[in-house]
Amino acid sequence: MRARRLGSLALLAGAAAILGCRTAPPPLPPEPIPAAPRPTPTATATPRVEERAPAPAVAQPVQPLVRVLVAAPAQAFPEPGRRYTLSGGGVVAQVRGPIEVVANRQRTVLQVGAFREAGHAVTLVDRLRAGGVETISRSGVGLVRVVAVGRTDEGEEALRKRLASLGITEAVRTVAPESPEVTLRCEGGKDFRAVQVEVIPMDPEPVRVGAKRLRGRFVVRSGSSGVSLINVVELETYLRGVVPAEMGPRTFGAIEALKAQAVAARTYAVAHLGDHEAEGYDLCDSEACQVYGGVDLEHPLSDAAVSETEGEVVAHAGRPIDAMYHSTCAGHTEDAAAVFPGHLATYLKGVPCRGEARVELNADAPSGPWVDGTERLALVAEEFARVLAVEPDAALLAARLGGGTPGRGLAGLARAFPLEGVAPLLRRDSLTEAGVMELLRIFQMPLPEAGDGTSRRRWELAGVLRLAQLDGAVVNVGGRVVAGEKAPLLIAERTGYTFVGSAASLERRGERVRRGAVRAATGSPASGWFLGERLVAVEVEPLDEADARSAWVSWVREMPLAEMSRRLGVGGMRSVDVTRRGVSGRALSVSVTGTDGSKTMDAYRFRRSLDLPDTLFTVTLRSTPSGTVARFLGRGWGHGVGMCQNGAYGLALGGAGYREILGAYYTGVEVTRWSAELGGKR
C-alpha cells in the first residue's frame with residue numbers, strides 16, 4: 001500500500017481481473033451468502049473432547065477490534081503444550097497444542113469479476129468456459145459477480161495458474177455455496193468440530209501461527225480453500241505489525257514519516273471494518289489490504305509512531321478517508337478518479353511530491369564551470385588551502401595537512417603523512433607512486449589516473465586530498481542539508497549537525513560538481529568535508545522531488561511481443577501506444593493492435609497483466625534476433641494515488657511533521673481522533 005482499495009467499484013467492460021493489491025484497490029467483497037445454520041450437537045457434530053470449562057471473560061476494549069485474515073498451514077498452532085480455550089457449536093473446551101486444522105475437501109472458489117452490466121459478466125463467463133474453467137454467476141446488490149470454480153482436488157494455486165494462462169492475474173477467495181465443518185485436532189488426537197471455532201490463548205504471550213507470531217485471539221472457520229484463520233486483535237496492536245511491514249524503520253528511519261504511515265494505516269483499517277463480513281473478516285494480511293507482519297516485525301521506532309499518534313485518523317467531511325498510499329510516485333501523485341474510474345474522492349487529487357522548504361547556500365556566489373574526476377577533488381583541495389591560508393600548491397598543502405616534509409611526485413607527497421609504515425599492507429618495502437594509487441584504491445578513496453586531461457599540478461593537489469583522507473586529517477561524511485532556524489545545517493553521519501556558515505558549497509549532479517550558490521529542497525543529500533570539527537566544504541545533490549531517493553524512481557522492463565499477446569489475450573500483437581495520460585503523466589489508457597484489430601485498454605489493468613511497477617511509462621518496440629520486444633522506460637512503484645511513502649520519508653527528512661505530510665498528499669483533510677460516532681465506512 002502499499003489503503004489502497006475501493007469499497008465498491010464496477011470493473012470496466014471486458015475487465016478480466018479484480019482490482020486488488022498493495023498498489024491498487026482490492027476487489028469488491030464477495031456477495032454475502034447466508035450463514036450456514038449452526039449444527040445441532042450430535043454424535044458426529046459435537047467435539048470429541050473430554051475437558052470442558054467456561055470460556056474466560058474478555059474485557060471489552062476501548063478501541064475497535066480488527067479481524068485479519070492470515071495465511072496459515074494446516075498445523076496452524078504448532079507450539080506444543082500451549083493452552084487454549086476453544087469455543088464453537090455451543091461447546092467450550094480447554095485443550096493443548098499443537099493444533100492441526102483439518103477441513104473437509106472442498107472445491108476452490110475464486111471471484112474474478114463484478115459488473116453492473118450483465119452483458120460484461122456474460123462475456124467473461126464465455127471466455128472462461130472456452131478456456132475450460134467452470135464458472136458461477138451470482139447476482140445481488142446491483143452487481144453480477146463471476147466466480148471461477150476449481151476442479152475436484154485442484155488447489156488455489158493451480159486454479160490461479162489456469163486463470164493466469166487466460167490473462168486473469170488477480171482473483172479473490174470467496175465463500176462456497178456450502179460451508180462444511182472444520183476440525184481442530186489437538187494434543188493427544190482429540191478433535192474439536194464446528195463450522196466456526198474461536199481459539200483463545202490462555203496466557204498473554206504471542207501465539208505462533210505458521211511462520212508468524214501474533215497477539216490477540218483467533219477464529220477458524222471453513223472457507224473457499226478449506227479453512228480460513230482469522231486473527232482478532234485490537235486496532236493499535238494490529239498497527240504495530242502493519243507500520244514496520246509497510247515502511248521498515250531500518251530503511252525509513254524518520255519518526256515523522258512513520259507517524260504519517262501509522263495514521264494512514266489506522267485510517268484505512270477503520271474505514272474498511274466489515275468489508276468482508278460475509279467471510280468473517282475485515283482485512284487480509286497481504287498487499288491486497290495492508291501487509292501485517294505480526295510481532296516479529298515490531299520495532300521500537302514504529303511502535304513509537306503508533307503510540308504517539310494513538311487513535312488519530314485522517315478525516316474528510318467528518319468521515320475517515322479511503323487513505324490510499326503507495327511506494328513511489330516519481331515526483332507527482334495522480335487523481336484517484338483517473339486511475340480508478342468511479343472513485344471521485346476530492347481528497348485524492350494528484351499533487352507534487354515535494355515540500356515548500358528550501359535551502360540556499362552562498363546565495364550570492366557565482367557558479368563556476370562543471371567539472372568531474374580529478375578536478376572535483378582539486379576544487380575541494382583548494383578550499384582546504386584557503387582555510388589553512390596557503391597557496392593551492394600540492395607540496396604546501398601536504399606539509400600543512402600531514403605535518404611532514406614532502407618530496408617530489410605522489411610518492412614524495414605521501415612522505416608528508418605518517419604513511420610509510422603501511423607499505424607492508426601491499427607487500428612492498430616502500431611506497432612508490434603505483435603503490436600509493438593501489439593503497440587509495442584498496443581503501444576506497446580512488447584517485448583518477450594521471451593524464452586524464454588534468455594538469456600534473458592539479459592531479460597532485462587532488463592526490464594530497466586523498467592522502468589526507470587516508471591519514472584521517474581530512475574527513476568526508478555523508479548526510480543531508482536542512483533549513484535551520486537561522487542558517488542552513490548539515491546533518492551528517494557521526495558528527496551530528498553543523499552550521500554550514502562560511503563553508504564553500506558545491507552543487508553535485510552525479511559525478512560532476514561546480515562551485516557556487518546551491519538551491520535545493522531541504523533534506524537533499526549532501527556530504528561534508530571536515531578539517532577536525534571545522535566544515536570546509538559541502539557538496540549538495542539538490543532534490544526537487546521528495547521521493548527521489550527511492551530505488552524505484554526509474555526502471556526498465558522488456559517483454560517479447562508474443563508474451564504480451566498471451567498475457568493480454570490479444571492475438572498477433574503489432575503495436576502498443578499510450579492514448580491518454582493523467583496529471584502526473586501516468587498512462588490512463590493504452591491502445592494495442594493485433595491481427596484481429598485494435599482495442600483500448602485501461603492502463604491499470606494493462607500494468608497488472610504485465611507485472612509492471614507503475615503506469616508512469618513509455619513503450620517502444622524494437623527488433624532482436626529472437627523477435628520483437630516491447631521496451632518500457634518507467635518511473636514510480638504503485639498506483640500513484642494518495643500518500644507516497646518514499647515522499648513522506650523525504651519530507652520528514654526535510655523537517656516536515658506527520659500532519660504536514662498527510663496534508664500534502666490528502667487534499668482538504670483534517671487529522672482527528674477516531675470514535676464510534678465518527679464511524680468507519682465511507
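What covers the buried residues of α14? The list includes α3 (235–246), α4, β19 (325–326), β22 (474–483), β36 and α15 (658–665).

## Model and conventions

This is a predicted model: local features need pLDDT of at least 70, side-chain atom pairs count only at pLDDT 80 or more, and totals for chains, interfaces and linings use all residues. Numbering starts from 1 along each chain as its sequence is written, and side-chain values use heavy atoms, with hydrogens and water left out.

## Overall make-up

The protein has 15 helices and 37 strands. Both are DSSP runs numbered from the N terminus: helices are H or I with at least four residues, strands are E with at least two.

Of the 682 residues, 53% are buried. Buried means under 20% relative accessible area, exposed over 50%, and partly exposed in between (1.4 Å probe, protein chains only). The accessible surface comes to about 28700 Å². Carbon and sulfur atoms hold 51% of that surface. Areas come from the Shrake-Rupley method with a 1.4 Å probe; for residues, only the protein chains shown count as cover.

Helix α14 spans residues 645–653. Because 9 of its 9 residues are buried, α14 is largely enclosed by the rest of the structure. Among the buried residues are N646, Y649 and L653. After α14 comes G655, with a positive phi near 105 degrees.

Strand β36 (residues 643–644) holds M643. M643 is buried, at a relative accessible area of 0%. Its contacts (heavy atoms within 4.5 Å) are listed without residues up to four places away in sequence. They include A260, Q261 and A264, as well as A648, I661 and Y665. M643 and S327 are 316 residues apart in sequence, yet their C-alpha atoms are 8.4 Å apart in space.

## A three-stranded sheet

Strands β18, β17 and β37 form an open sheet in the order β18-β17-β37, with antiparallel pairing. β18 (319–320) and β37 (670–673) stand at the edges with a single partner strand each, so one side of each has no neighbour in the sheet. Two strands pair if DSSP finds at least two bridges between them. Strand β17 (residues 312–316) and β37 are joined by 4 bridges. In this pairing, A315 stands opposite E670.

Helix α4 (residues 255–271) lies across β17 and β18. It runs at about 65 degrees to β17. Axes are lines fitted to C-alpha atoms, for helices over the stretch in contact, and angles run from 0 to 180 degrees between N-to-C directions.

Strand β2 (residues 83–88) pairs with β3 in the antiparallel sense over 6 bridges. S87 stands opposite V92.

In α10 (residues 433–442), G435, V436, M437, L439 and L440 are buried. These buried residues pack against α9 (409–414) and α11 (456–471). Just after α10, Q444 takes a positive phi of about 55 degrees.

I442 also lies in α10. I442 is partly exposed, with a relative accessible area of 40%. With L425 and F443, I442 forms a nonpolar surface patch, about 290 Å² of accessible area together. Patches take residues with over 30% relative accessible area and no salt bridge; like charges are joined within 9 Å, nonpolar side chains (Val, Leu, Ile, Met, Phe, Trp, Tyr) within 5 Å. A salt bridge is a side-chain nitrogen of Lys or Arg within 4 Å of a carboxyl oxygen of Asp or Glu.
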